Amino acid sequence: MAIEKKPEDEFDTVFSQNDSLELSSHHDYVTAQTRIFKIIVIGDSNVGKTCLTYRFCGGTFLKNPEATIGVDFRERTLELDGESIKLQIWDTAGQERFRKSMVEHYYRSVHAVIFVYDVTSLSSFESIPEWIEECRRHCVGPLVPRIMVGNKCDLRDRREVPTTAAQCLADSYNFPLFETSAKEPAEKEHVDAIFLTLAYRLKSHKPLRLKQPSESNIRQLWNQREQEAATCQC
Ligand SMILES: Nc1nc2c(ncn2[C@@H]2O[C@H](COP(=O)(O)OP(=O)(O)OP(=O)(O)O)[C@@H](O)[C@H]2O)c(=O)[nH]1
């Protein structure tokens, strides 16, 4: 079953370049009542955002990913304590030229943000405060969970960002820090754990409950969210 698709609550034009993922059916169970959470994955180009999201949603390492243009969507439904939770993951473009027309869409009605850097690229780590600032400029509220992920830990000899520096930055923002590798098979469960941590935090938040959403109630929700965004003061 193809899982890379346009989210149910997003009707604007989007761009997707990578081929659809295949997901085994055990991942894809949606009960009558499923809470849906939108998570955006942000960071410099080439840090591994596509590979991380593919690893979580598709279970494998994506060889030869193409640069993301605009955004790619992936999703995975989890059963947490008997409740069905769908994580709708927006894999955003790192290259400015591929993202500028989409930025407003990334941040609209987001439930959680993952900031990714590459542990072998100091510059990608130094960009993190800029990504955090962009997020703030787009009115993402302080209660929206944010986490920081250092990717490519398998490249031990090429590491440029020490864990201590990353932990220091994460602490200064009060974000949890994870270091992992989308490539290393042994890290697969750790990648899952990162998303699961977020899922559990989101689960305890105010529910957004959709009963097998119809187009009309999605439209209604969408208009409501637009109105909320329009009243933002920043
Ligand atoms: N060694 C190693 N390489 C990785 C890892 N994750 C991604 N890569 C490689 O890093 C390169 C970029 O990966 P992407 O996932 O496309 O990076 P991205 O952040 O989505 O890039 P944009 O789409 O341009 O924003 C590719 O060559 C991947 O094979 C990892 O954990 N370890």
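I count two residues as in contact if their C-beta atoms, placed from the backbone, lie within 7 Å. On that basis I looked up the contacts in the protein chain with a separation of 6 or more, and residues 24 or more positions apart account for 75% of them. I keep in mind that this is a predicted model.

**Overview**

I noted 8 helices and 7 strands in the protein chain. The chain has 234 residues, and 35% of them count as buried.

**Strand E1 and its partners**

I started with E1, which covers residues 33-42. It is mostly covered, with 8 of its 10 residues buried. I then checked what it pairs with. E1 and E3 run parallel, with 8 bridges between them, and Phe 37 has Leu 87 of E3 as its bridge partner. E1 also runs parallel to E4, joined by 4 bridges. There, Val 41 stands opposite Ile 114.

E3 has another partner: E2 joins it in the antiparallel sense through 10 bridges. One pair I looked up is Glu 75 with Gln 88 in E3. E2 and E3 make a hairpin with 2 residues between them, and Asp 81 in the turn has a positive phi of about 50°.

**The core**

Which residues have the most contacts inside the largest nonpolar core? I found Ile 39, Val 41 and Ile 114, in a core of 48 residues. As background, nonpolar side chains tend to be buried together in soluble globular proteins.

I followed Val 41 further. Setting aside neighbours within four places in sequence, its contacts include Lys 49, Leu 52 and Thr 53. Ile 89, Trp 90, Asp 91 and Thr 92 are also among them, and so are Ile 114 and Val 116.

**Helix H1 and the ligand**

H1 spans residues 49-58. I found 9 of its 10 residues buried, among them Lys 49, Thr 50, Arg 55 and Phe 56. I asked what covers these residues, and the list includes strands E1, E2, E3, E4 and E5, along with helix H7 (188-203).

H1 also gives the most to the shell around the ligand, with 3 residues. I counted 20 residues around the ligand, of which Gly 48, Thr 50, Thr 68, Gly 94 and Lys 183 come nearest. By class, I have 7 nonpolar, 9 polar and 4 charged residues in that shell.

**Positive phi angles**

Just after H1, Gly 59 has a positive phi of about 85°. In the loop between E1 and H1 sits Asn 46, which is not a glycine but has a positive phi of about 80°. Asn 46 counts as partly exposed because it has 15 C-beta neighbours inside 10 Å.

Cys 139 is also on my list: it is not a glycine, yet its phi is positive at about 65°. I placed Cys 139 in the loop between H5 and E5. It is partly exposed, with 16 other C-beta atoms within 10 Å. Asn 174, which follows H6, has a positive phi near 65°.

**Helix H6**

Next I looked at H6, residues 163-173, where the buried residues are Ala 166, Leu 169 and Ala 170. Seen down the helix axis, these buried residues fall within an arc of 95°, so they line one face of H6.

Which exposed residues are on the face turned away from the buried side of H6? I noted Thr 164, Cys 168, Asp 171 and Ser 172. The buried residues of H6 are covered by elements including helices H4 (122-126) and H5 (128-137), and strands E5 (146-151) and E6 (177-179).

**Ser 181**

My last stop was Ser 181, in the loop between E6 and H7. Is Ser 181 buried or exposed? It is buried, because 24 other C-beta atoms lie within 10 Å, and the cut-off for buried is 20 or more. Leaving out residues up to four places away in sequence, I found Ser 181 touching Asn 151, Lys 152, Cys 153, Asp 154 and Glu 187. Ser 181 and Asn 151 are 30 residues apart in sequence, with their C-alpha atoms 5.1 Å apart in space.

Note on methods: Residues are numbered from 1 along each chain as its sequence is written. This is a predicted model: local features need pLDDT of at least 70, side-chain atom pairs count only at pLDDT 80 or more; totals for chains, interfaces and linings use all residues. A residue is buried if 20 or more other C-beta atoms lie within 10 Å of its own, exposed if 12 or fewer, and partly exposed in between; C-beta atoms are placed from the backbone. The arc is that of the directions from the helix axis to the C-beta atoms. A residue is near a molecule or strand if its C-beta atom, placed from the backbone, lies within 6 Å of it. Ala, Val, Leu, Ile, Met, Phe, Trp, Tyr, Cys and Pro count as nonpolar, Asp, Glu, Lys and Arg as charged, and the others, Gly among them, as polar. A nonpolar core is a set of buried Ala, Val, Leu, Ile, Met, Phe, Trp, Tyr and Cys residues joined through C-beta atoms within 7 Å. Two strands pair if DSSP finds at least two bridges between them.
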